[in-house]
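Trainee: I would like to learn how to read strand pairing and a ligand's surroundings. Please take me through them in turn.

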Amino acid sequence: MRLTALSATAAALLSPSAASAISAPRDLQIKPRAAPDAPSGGYAPSNVTCPSNSPTIRGASALSSEESDWRKTREETTRAELKTFLDKIGIADFDAGSYLERDNAWPRIAISLSGGGYRALLNGAGFIKAADSRTGGDKGIGGLLQSTTYLSGLSGGSWLVGSIYANNFSTITQLQENDAVWQFQDTIFSGPSSSSKSIGALDTAKYWKNIYDEVESKDDAGFETSLTDYWGRAVTYQLIGDDDGGAAYTVSSIADADHFKNGNAPFPIIVADGRNPNELIISLNSTVFEFNPFEMGSWDPTLFGFVPLEYLGSNFDKGSISKDGKCVRGFDQFSFILGTSSSLFNMAMLTEFPDEVPSLIVDKVESLLSSIDDANNDIAQYRPNPFLGYNSEISNIADEEELSLVDGGMDLQNIPLHPVIQPAREVDVIFAVDSSADTNNWPNGTALRATYDRAGTDIANGTEFPSIPDQNTFINLKLNAGPTFFGCDASNFTNSEKPPPLIVYVPNAPYTFMSNVSTFDPSYEIEERDSIIQNGFNGATQGEGSLDDKWSTCVACAVLSRSFHRTGTEPPQACKDCFDKYCWDGSINDAEVQSYLPDFRLEEDNAGSSLRLGGAWWTLVVAGATWSVFAI
Ligand SMILES: *[C@@H]1O[C@H](CO)[C@@H](O)[C@H](O)[C@H]1NC(C)=O
Ligand SMILES: *[C@@H]1O[C@H](CO)[C@@H](O)[C@H](O)[C@H]1NC(C)=O
Ligand SMILES: *[C@@H]1O[C@H](CO)[C@@H](O)[C@H](O)[C@H]1NC(C)=O
Ligand SMILES: *[C@@H]1O[C@H](CO)[C@@H](O)[C@H](O)[C@H]1NC(C)=O
Ligand SMILES: *[C@@H]1O[C@H](CO)[C@@H](O)[C@H](O)[C@H]1NC(C)=O
Ligand SMILES: *[C@@H]1O[C@H](CO)[C@@H](O)[C@H](O)[C@H]1NC(C)=O
Ligand SMILES: *[C@@H]1O[C@H](CO)[C@@H](O)[C@H](O)[C@H]1NC(C)=O
């Protein structure tokens, strides 16, 4: 890291009068969407009077009543949309309308978007664009998103989920066309300087000064701050199309957004892992946390509880707030939660800052770094720990003053499947979009395998998962070269009455573009950004059917697979053909792989590749335990 001399601009910015001008109160306009509803109007959480029905921690034995109620509303939409989707696709010799009238026939769908930095955001965006009836075109799988109940994201995948919901459930096309967001040619180090006209060009010094002031305001309000606050603020500047990158936007405000409340969007879920300082976690012992519009917490037996998200930051003890205690609101900032889910990138703060970055920032980051050791600078601090004293007989954090969370991919479960394999959620099929960097920055099944290894152990607490082969088999049998279904045979499970969901694995692969860009590549020209999105779209639609004109039929069959089992219905021949083609049949070829260098499956798109930006790769200077995580 370079310590820079105080530039003239930075010096001007740091004078008291300039500082107060910057932190002047903003015009707080509540818009009908995920909203800047932090009561402070900025990044700082605030003390508020508790509602008469004081918030409490609840046990994880069932869905929250809010989620159950919301699902009833959402179901009206998903059922109508699924009917339209199946009619559009038209499975041969099958009458979807009359089939769905049978008892228990309606399926429940989830989409899970893996981590992997901007690569994961962009590849995931290609899938969402294809699945969205507003942008998916006629031949593909448009309408799947409208039929979906749950949409989970982790790390880079959480940036995508967050960006969609913070911007009024906008389409990927709108996000691509709106120059206030997704300007990834500007790195987070320089800030939204050159192209983000709509939110006003900020020079680099002013951008960092804003971030500094925002994080200080949280500090001044009496809360711990860490590298995650800086990282989260910086990354969110590119994701939320509002002044100052949406510093006051909270995840709990999604619950009040029209698109969500009226059941017109899926239930978003963001995943992070629990990791105490100096601990190492693997899939077999991590406590997996989720954030959804109503709650945050874990289904795992090492916690088994949820806190109302809106009141995160309040002082809970043994599950409740003391009678004279205050409630806190505005702690669940999008910035902080997306920063938590992607805290691996805290390391990005170790890279060289551009010269324009005020030395104030550089000093601050340095002092944060020196106050903790290298193995722990990816931790996001949640203090007070809402689960203090809660479930103390089973919880491994009941005694901690601080809840420490890290990047959701840190336990190698880089696809956020955990929330959607919970039996309480009754999901039938998960579209698992994998943008992990395993072999030459392509996925090799490691993420699925990590979730499979965990299933059946004590920490999985009764969740099952389809059988997943080793990574050599993935490559040798080309299970990662295109879509593969896992767990097709619903009777091949211990609990065959209620089998776990079918997994439709959608791995990142080269269709029209070498989308295996490095996780730590911080900048992308617009053309390259769009080429990666288009490659993901081609994977999701199999080249709009050019690789398999029955692909959308097969997606529909995957959606109905568990339903057929439940209703005891023989699948139509068209579906049997799909299952023959796409289901992993249990065979293994674990001969050691020599190399995996997949080639284009469709004609190469040259627009993006000619524009690769050179240099400026995030340098990783941190060694130690956390670096088992290159797959993210
Ligand atoms: C959000 O999107 C909906 C549907 O496209 C639109 O009707 C509404 O005006 C938008 N709201 C805002 C604040 O942009
Ligand atoms: C909120 O309350 C806590 C303790 O109840 C106090 O320490 C803190 O200073 C208060 N914060 C603000 C911004 O008033
Ligand atoms: C998780 O398992 C790993 C590998 O066995 C071990 O090193 C680590 O200490 C365990 N962590 C916890 C929190 O139990
Ligand atoms: C999951 O763990 C909790 C907490 O230990 C326990 O009460 C519950 O019975 C477990 N559920 C299953 C299905 O094992
Ligand atoms: C699969 O990826 C992991 C990293 O996630 C790597 O350690 C392993 O060597 C890869 N396996 C093969 C067969 O390429
Ligand atoms: C069926 O279950 C067995 C036992 O769990 C497993 O080894 C096998 O791979 C499964 N078959 C398929 C096709 O998933
Ligand atoms: C991407 O994959 C191709 C082969 O499929 C390989 O030649 C290239 O080196 C990989 N790029 C990166 C950045 O890993």
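**A hairpin and a ligand shell**

Mentor: Strand 7 and strand 8 make a hairpin, with six residues between them. In the turn, Phe304 has a positive phi of about 60°. The model is predicted: local features need pLDDT of at least 70, side-chain atom pairs count only at pLDDT 80 or more, and totals for chains, interfaces and linings use all residues. Residues are numbered from 1 along each chain as its sequence is written, chains are lettered from A and ligands numbered from 1 in the order in which they are written, and side-chain values use heavy atoms, with hydrogens and water left out.

Trainee: In what sense do strand 7 and strand 8 pair, and over how many bridges?

Mentor: Strands are DSSP runs (E, at least two residues), numbered from the N terminus, and two of them pair if DSSP finds at least two bridges between them. Strand 7 (residues 295-298) pairs with strand 8 in the antiparallel sense, over four bridges. Met296 has Val307 of strand 8 as its bridge partner.

Trainee: Which residue in strand 8 does Arg58 stand opposite?

Mentor: Phe306. Strand 2 (residues 58-59) pairs with strand 8 (residues 305-308) over two bridges, again antiparallel.

Trainee: Which residues surround ligand 6?

Mentor: A residue is near a molecule if one of its heavy atoms lies within 4 Å of it. Around ligand 6 are Ser467, Asn492, Trp584, Asp585 and Gly586. An oxygen atom of ligand 6 is 2.4 Å from an N or O atom in the Asn492 side chain, and an oxygen atom of the ligand is 3.1 Å from one in the Ser467 side chain.

Note on methods
Polar contact = N/O pair within 3.5 Å; in protein donor to acceptor, adjacent residues only side chain to side chain.
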